[in-house]
Amino acid sequence: MAILLLLQQREQVTAAEVARELEISERTARRDLDALGMAGVPVYSVQGRGGGWRLVGGARTDLSGLTAGEARALFLVAGPASAATPAVKAALRKLVHALPEPFRVQAEAAASALVTDPRRWGADRVEHRPPRLLDELQDAVIRGVQVRLGYVDRTGAETERTVHPLGIVAKGPSWYLICNTEAGRRTFRIDRVSSVDPTADPVHRPEGFDLAGSWREIADEVDRKRMPLEARAVCVPHGIGLLRMGFGGRLEVGGPTTDGRVEVVIRGNDEYVLAGELAGLVEWLEVTGPPGVRDHLASIGRALVERYA
């Protein structure tokens, strides 16, 4: 892509110019220029003094349609503090040299304009590195080949199985492989993968498979298992924002009641703990069930009165 943009920008380039701009050898530059022609791009070489490589008839590609805003957005991910892999950063740094001059300055500025800090306030600094075998699994997904997967479960037991990789998902600092197996669709934590041995057999991909939709189903199921308890309540309208800040994805907002309040559901995994979280919201919230949560709220209320009355 970088060479193609260079050709469009300058009309003619030499292998030496390509090598210098993209920080590669002249041999690699010539090979890549030849590869463009083999891929069907109308590029040809001009021999002799003043020669070089040109596009037939000044041919253009949709890559030249990048707007200044699109170029800036692209290079926001290449900054020194971004979460992009070193390979992505290196590729974008090379590509910036092929952008038109008006875009180049802003693209380079965008690369140092954003810092992403994934830590919550008060949290320890934790360095999250990509899993060891992530590249091998990404390659298998892209090439669409089955792999023999070594895997260590949470108990420490190691197994090996042949899987059909369908996609990879990053959830916070964790990475997951979604694949088909003899037992149906399964999800594996990539940091527990001990070995990856690609085969020559193609992946059997379900018709209409959608990675994003499949992950939403998996994430919803995990949330239900992690937070199986649902407290039902009604809340005054101006308290909904407070609930959203306090409970995030654990909150489900329903419809209005006859008295103008709003039905809500708040998920948790322990009646007493959930009652403790809700006890300070009595001004906005009335819990209607389950009975165990209401009983704990009443007990907490009596204890507060005895302590502070």
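In strand E6, serine 174 is the bridge partner of lysine 171. The two residues belong to the pairing of strand E5 (residues 158-171) with strand E6 (residues 174-181), which is antiparallel and runs over 7 bridges; strands count as paired if DSSP finds at least two bridges between them. The model is predicted: local features need pLDDT of at least 70, side-chain atom pairs count only at pLDDT 80 or more, and totals for chains, interfaces and linings use all residues. Residues are numbered from 1 along each chain as its sequence is written, and side-chain values use heavy atoms, with hydrogens and water left out.

- Strands E5 and E6 belong to an open sheet of 5 strands in the order E7-E6-E5-E4-E8, with antiparallel pairing.
- Strand E7 (184-189) and strand E8 (193-202) are the edge strands, each pairing on one side only.
- From one strand to the next, the twist averages 45°; axes are lines fitted to C-alpha atoms, for helices over the stretch in contact, and angles run from 0 to 180 degrees between N-to-C directions.
- Helix H7 (residues 134-143) packs on this sheet and touches strand E4 (145-152), E5, E6 and E8, its direction making about 85° with that of E5; contact means heavy atoms within 4.5 Å.
- Strands of a sheet pair through backbone hydrogen bonds, either parallel or antiparallel.

**Arginine 161 in strand E5**

- Arginine 161 lies in strand E5 and is partly exposed, with a relative accessible area of 31%; buried means under 20% relative accessible area, exposed over 50%, and partly exposed in between (1.4 Å probe, protein chains only).
- Not counting residues up to four places away in sequence, arginine 161 touches Val147, Arg148, Leu149, Tyr151 and Phe188.
- The C-alpha atoms of arginine 161 and valine 147 are separated by 8.3 Å, with the two residues 14 apart along the chain.
- The side chains of arginine 161 and threonine 159 are joined by a polar contact of 2.5 Å; such a contact is a pair of N or O atoms within 3.5 Å, where within protein one must be able to donate a hydrogen and the other to accept it, and residues adjacent in sequence count only if both atoms are side-chain atoms.

**Helix H8**

- The 16 residues of helix H8 (residues 211-226) should span 22 Å at 1.5 Å a residue, and the end C-alpha atoms are 22 Å apart, which agrees; the expected span is 1.5 Å times one less than the number of residues.
- Gly213, Ser214, Trp215, Ile218 and Ala219 are buried in H8.
- The cover over the buried residues of H8 includes E5, E6 and E7.

**Strand E11 and its partners**

- Strand E11 (residues 262-268) is largely enclosed by the rest of the structure, because 6 of its 7 residues are buried.
- Strand E9 (residues 229-235) pairs with E11 in the antiparallel sense over 7 bridges, and valine 234 stands opposite glutamate 263 in E11.
- E10 also pairs with E11 in the antiparallel sense, over 4 bridges; the bridge partner of leucine 251 in E11 is isoleucine 266.
- E10 and E11 form a hairpin with 5 residues between them, and glycine 260 in the turn has a positive phi of about 90°.

**Arginine 250**

- Arginine 250 lies in the loop between helix H9 (240-247) and strand E10 (251-256).
- Arginine 250 counts as buried because its relative accessibility is 19%.
- The side chains of arginine 250 and glutamate 277 make a polar contact of 2.8 Å.
- Leaving aside neighbours within four places in sequence, the contacts of arginine 250 include Val265, Ile266, Arg267 and Gly268, together with Met227, Leu274 and Glu277.

**Threonine 14**

- Threonine 14 is found in the loop between strand E1 (12-13) and helix H2 (15-22), and counts as partly exposed at 25% relative accessibility.
- Threonine 14 touches Gly51 and Gly52, not counting residues up to four places away in sequence.
- The C-alpha atoms of threonine 14 and alanine 29 are separated by 8.9 Å, the residues being 15 apart along the chain.

**The chain as a whole**

- The protein chain has 11 helices and 12 strands; helices (H or I, at least four residues) and strands (E, at least two) are DSSP runs, numbered from the N terminus.
- Of its 309 residues, 34% count as buried.
- Among contacts between residues at least 6 apart in sequence, 57% join residues at least 24 apart.
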